[in-house]
Amino acid sequence: FGSSGSGKTVACKVLIEELAMRGIPVIAFDPQGDISSLAVLADDSNANQLNDSKNYKDNVEVVVWTPSSSKGIPLSINPLQFNDINNFTEEDKSRYFSEIAKNISCLVGYDLDSDSGKSCESILSIIFEHLYNNHIILNDFTGLVDIINNIPFEISEIIDSISTNSLLKEIRKKISLLTIGTRKLLFQSGVPANINSLLGLDSSNNKTRISIIYLNTLSTVEEKEFFIGSIAQLLYNWM
């Protein structure tokens, strides 16, 4: 936090560089493009800075990920994949499904403090738990739309108690919009987000990775917040 020009971005970049040169990988969200300049090495005649620059070049790799765009390395998120939670406790599973449901509800435009937002979150959370318990895999949001259109009998009673036909129709319509146009690129285009990849732990070059996720390739605040929330959820699961 600080006023414009007070050095917030410079401080962040210095911290990221120093961490990386000490072998600590970094995942950084870049809302404007300032952090992405870490990929550009400046020439300098100062001997100490030249040594630092060589150390940085030899031991650090900067990867710029661009959700929904091929400008850098495309990065996608599929929040409907639940294969990494088999070792979770039942409490952690419930919390996980709830967080995914919240992220999607916000993405499609619901206010989580409103009755419809709370209902949407609960409906999606119940559906996700049902899918997981019955080993049903959805590859994309088209499958989720089909599920909402034909609520499974096992969960129909509880969903009927917290929703109406008009609300389910509205939710189905909002989620259908995620399957068309440029919005679908967020979930289908590029490398599926994976914490090991973002940290460079699956790389064979032994360099410390700085993964910069450039957010300006996303067109709305809701998409940016969804992407940040989804990466944070992946990181939590990874830890």
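Two strands count as paired if DSSP finds at least two bridges between them. Strands (E, at least two residues) and helices (H or I, at least four) are DSSP runs, numbered from the N terminus. The model is predicted: local features need pLDDT of at least 70, side-chain atom pairs count only at pLDDT 80 or more, and totals for chains, interfaces and linings use all residues. Residues are numbered from 1 along each chain as its sequence is written, and side-chain values use heavy atoms, with hydrogens and water left out.

**Exercise 1. Work out the strand order of the open sheet.**

Step 1. Take strand 2 and strand 5 (residues 208–214). Six bridges join them, and they run parallel. V63 stands opposite S211 of strand 5.

Step 2. Take strand 1 and strand 5. Five bridges pair them, again in the parallel sense. Here D30 has Y214 in strand 5 as its bridge partner.

Step 3. Assemble. The three strands lie in the order 1-5-2, with parallel pairing. Strand 1 (26–30) and strand 2 (60–65) are the edge strands, each pairing on one side only. Neighbouring strands are turned by 20° against each other on average, direction ignored; axes are lines fitted to C-alpha atoms, for helices over the stretch in contact, and angles run from 0 to 180 degrees between N-to-C directions.

**Exercise 2. Sort the side chains of strand 1 by face.**

Step 1. Recall the rule. In a regular strand, side chains alternate between the two faces of the sheet.

Step 2. Apply it. V26, A28 and D30 point to one face and are buried. Buried means under 20% relative accessible area, exposed over 50%, partly exposed in between (1.4 Å probe, protein chains only).

**Exercise 3. Check the span of helix 4 (residues 115–133).**

Step 1. The expected span is 1.5 Å times one less than the number of residues.

Step 2. Helix 4 has 19 residues, so it should span 27 Å. Its end C-alpha atoms are 27 Å apart, which agrees.

Step 3. Look just past the helix. H135 takes a positive phi of about 55°.

**Exercise 4. Are S68 and N206 buried or exposed?**

Step 1. Note the background. Most residues other than glycine have a negative phi.

Step 2. S68 has a positive phi of about 65°. S68 sits in the loop between strand 2 and strand 3 (75–76). With a relative accessible area of 16%, S68 is buried.

Step 3. N206 has a positive phi of about 60°. The loop between helix 9 (195–198) and strand 5 holds N206. At 75% relative accessible area, N206 is exposed.
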